[in-house]
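User: I am new to this structure and would like to be guided through some of its features. Please begin with any term that I shall need.

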Amino acid sequence: MDLSLPEWVADWARDVPRLVIPPPGPASKAIIEKDREFVSHAYDRLFQFTMKRSSGAAIMDADGNAYLDFSAGISVMNAGWSNPRVVEAIREQAGDLVHSLANDAYFDKEAEFAELLAKISPGGALTNTFFGNSGAEGVEAAIKLSRYYSKSGEHIAFMGAYHGRIGNALALASRVKYKFGHGPYTPGVHFAPYPYCYRCWFKQEYPSCGMACMDYLENGILEYGGPSGAVASIFVEPLQGEGGYIVPPPEFMPRLRRLCDQKKILLVADEIQSGLGRTGELWECDSTSTIPDILITGKALGGGIPLGGIIARKEIMGVWRPGSHSSTFGGNGISMAAGLAHVREIIEQDLPTRAKILGAHALKRLNEMKDKYEIIGDVRGKGLMIGVEMVKSKSTKEPMLVPRMQGQVWRKGLMMITAGMYGNVFRIAPPIIISDEQLDLGLDIFESTVQETQKELV
Ligand SMILES: Cc1ncc(COP(=O)(O)O)c(C=O)c1O
């Protein structure tokens with residue numbers, strides 16, 4: 001496979017990073033000042049610059065600094081920033097029809113997109129889609145549908161899980177940080193340990209543990225942890241994202257599937273972050289041939305336009321009657337056109353295979369770094385969804401505080417975001433069209449900063 005940048009990537013976005021002024025420059029600063037005055041401070045705002053333009057795996061700020069992007073806009077721009085196929089689809093659709101009135105009328109691209117998603121769903125078994133406007137809205141729809149279908153109102157979620165910041169989706173989040181100051185949340189959510197083998201909740205080693213965490217779910221939580229015996233659904237990220245890019249052992253998802261079948265619980269896979277090529281598969285569920293009952297998608301689904309949804313087995317989606325669920329902007333003209341173009345591009349350019357090849361190379365290099373540097377505790381991932389967990393020392397695994405290091409990486413022109421229960425996991429999740437050269441360059445920048453940080457700590 002040709003791993004160079006696609007031809008359409010703009011000239012300025014090829015030779016990056018290229019900083020013309022230490023960020024934030026004056027143009028960025030002026031906008032940041034206004035933003036601080038008038039926009040809610042709820043967003044984290046890690047990078048102190050103003051977004052101006054984008055192309056491929058690069059972003060330019062208002063002062064002309066061009067950065068290399070290892071985040072894909074939080075796993076959104078899988079086929080690259082400003083992919084011309086997506087841009088053209090948006091332009092064309094905008095001239096024809098923007099608001100498609102999904103509540104009250106039919107729209108060709110909505111039906112077309114749902115047909116495509118049915119075709120590419122795990123095992124081709126999930127054949128019906130509901131479109132909303134974000135990942136969290138997809139999670140809300142999945143909760144509602146699983147309750148409606150099973151006529152029960154309890155759920156299992158996992159420690160370290162992240163499913164969004166509103167309502168029921170927030171009830172499924174396990175971390176205090178996300179919930180602080182807003183409780184209490186929807187009752188009936190029980191939390192099980194995710195197989196975070198690097199920091200095993202039971203202080204055991206895989207595989208000799210026999211997956212004690214799953215035993216705990218099956219024989220502990222479901223029997224003695226407080227559920228009423230009528231659990232509607234288990235919500236799981238097949239590769240946990242915000243929790244720290246945690247890859248569970250391969251038997252995890254199949255074992256969950258078996259458990260759900262035995263107990264008549266619906267298995268809901270949240271593929272909002274892991275889906276659409278990111279992990280080297282179209283869906284991460286495909287890597288273990290696990291077919292969930294409901295799959296939640298978002299982020300990359302809209303190619304940068306707000307879009308989320310659920311894809312479910314026909315008999316499950318079929319229980320909803322007209323009016324059971326709805327959204328004014330669901331199936332919107334622009335989001336359908338952009339999403340169709342983006343997902344077709346992911347499939348036709350075989351981006352899952354590209355993610356697999358580039359990811360294997362990145363994992364090899366990062367594991368070599370792990371052997372070399374005391375402060376890299378763990379390297380894990382699949383495709384281009386890779387986490388590097390930073391620690392103060394390998395033996396204690398004490399989490400390292402990484403905001404300073406993140407700032408240093410950024411000032412060298414590389415955008416990296418973090419994840420993890422301690423916020424100490426660097427994510428390597430660039431647009432999948434990134435070239436092999438750009439990937440290596442980014443890894444060089446990362447390594448040089450690891451080296452400097454380790455020296456400072458010593
Ligand atoms: C696994 C997962 N689920 C749900 C969400 C929420 O999606 P959104 O921010 O579009 O509501 C995210 C966002 O990071 C996510 O990673």
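Analyst: A cavity is a set of grid points where a 1.4 Å probe fits but cannot get out. The model discussed here is a predicted one.

User: About how much space lies in the largest cavity?

Analyst: The search of the whole structure finds 2 cavities of 30 Å³ or more. The largest cavity is lined by 15 residues, and the closest to its centre are Pro195, Cys197, Cys200, Cys209 and Cys213. The space in this largest cavity is about 110 Å³.

User: Which element gives the largest share of the lining of the second largest pocket?

Analyst: The second largest pocket holds about 800 Å³ of space. Its lining consists of 24 residues, of which Ala102, Glu110, Thr129, Phe130 and His325 are the closest to the centre. Two elements, helix 4 and strand 4 (128-132), each give two or more residues to this lining. The largest share, 4 residues, comes from strand 4.

User: How far does helix 3 reach from its first C-alpha to its last?

Analyst: Helix 3 covers residues 84-96, which makes 13 residues. At 1.5 Å a residue, a span of 18 Å is expected, and the actual reach is close to that value. From first C-alpha to last, helix 3 reaches 18 Å.

User: Within what arc do the buried residues of helix 3 fall, seen down its axis?

Analyst: The buried residues in helix 3 are Val86, Ala89 and Gln93. They line one face of the helix, because their directions, seen down the axis, fall within an arc of 60 degrees.

User: Which residues are exposed on the other side of helix 3?

Analyst: The buried residues of helix 3 have a cover that includes helix 4 (108-120) and helix 11 (333-348). On the other side of helix 3, the exposed residues are Arg91, Glu92 and Gly95.

User: Is Ser71 buried or exposed?

Analyst: Ser71 lies in the loop between strand 3 (66-69) and helix 2 (72-75). Not counting residues up to four places away in sequence, Ser71 touches Met415, Ile417, Ala429 and Pro430. Its relative accessible area is 7%, and the cut-off for a buried residue is under 20%. Ser71 is therefore buried.

Technical notes. Residues are numbered from 1 along each chain as its sequence is written. This is a predicted model: local features need pLDDT of at least 70, side-chain atom pairs count only at pLDDT 80 or more; totals for chains, interfaces and linings use all residues. Side-chain values use heavy atoms; hydrogens and water are left out. The expected span of a helix is 1.5 Å times one less than its number of residues. Buried means under 20% relative accessible area, exposed over 50%, partly exposed in between (1.4 Å probe, protein chains only). The arc is that of the directions from the helix axis to the C-beta atoms. Contact means heavy atoms within 4.5 Å. On a 1 Å grid over the protein atoms alone, a cavity is a set of points where a 1.4 Å probe fits but cannot get out, and a pocket is an open set with protein on both sides within 12 Å along at least five of seven lines; lining residues have an atom within 4 Å of a point. Grid points are joined across faces, edges and corners, and a volume is the space filled by probe spheres set on the points.
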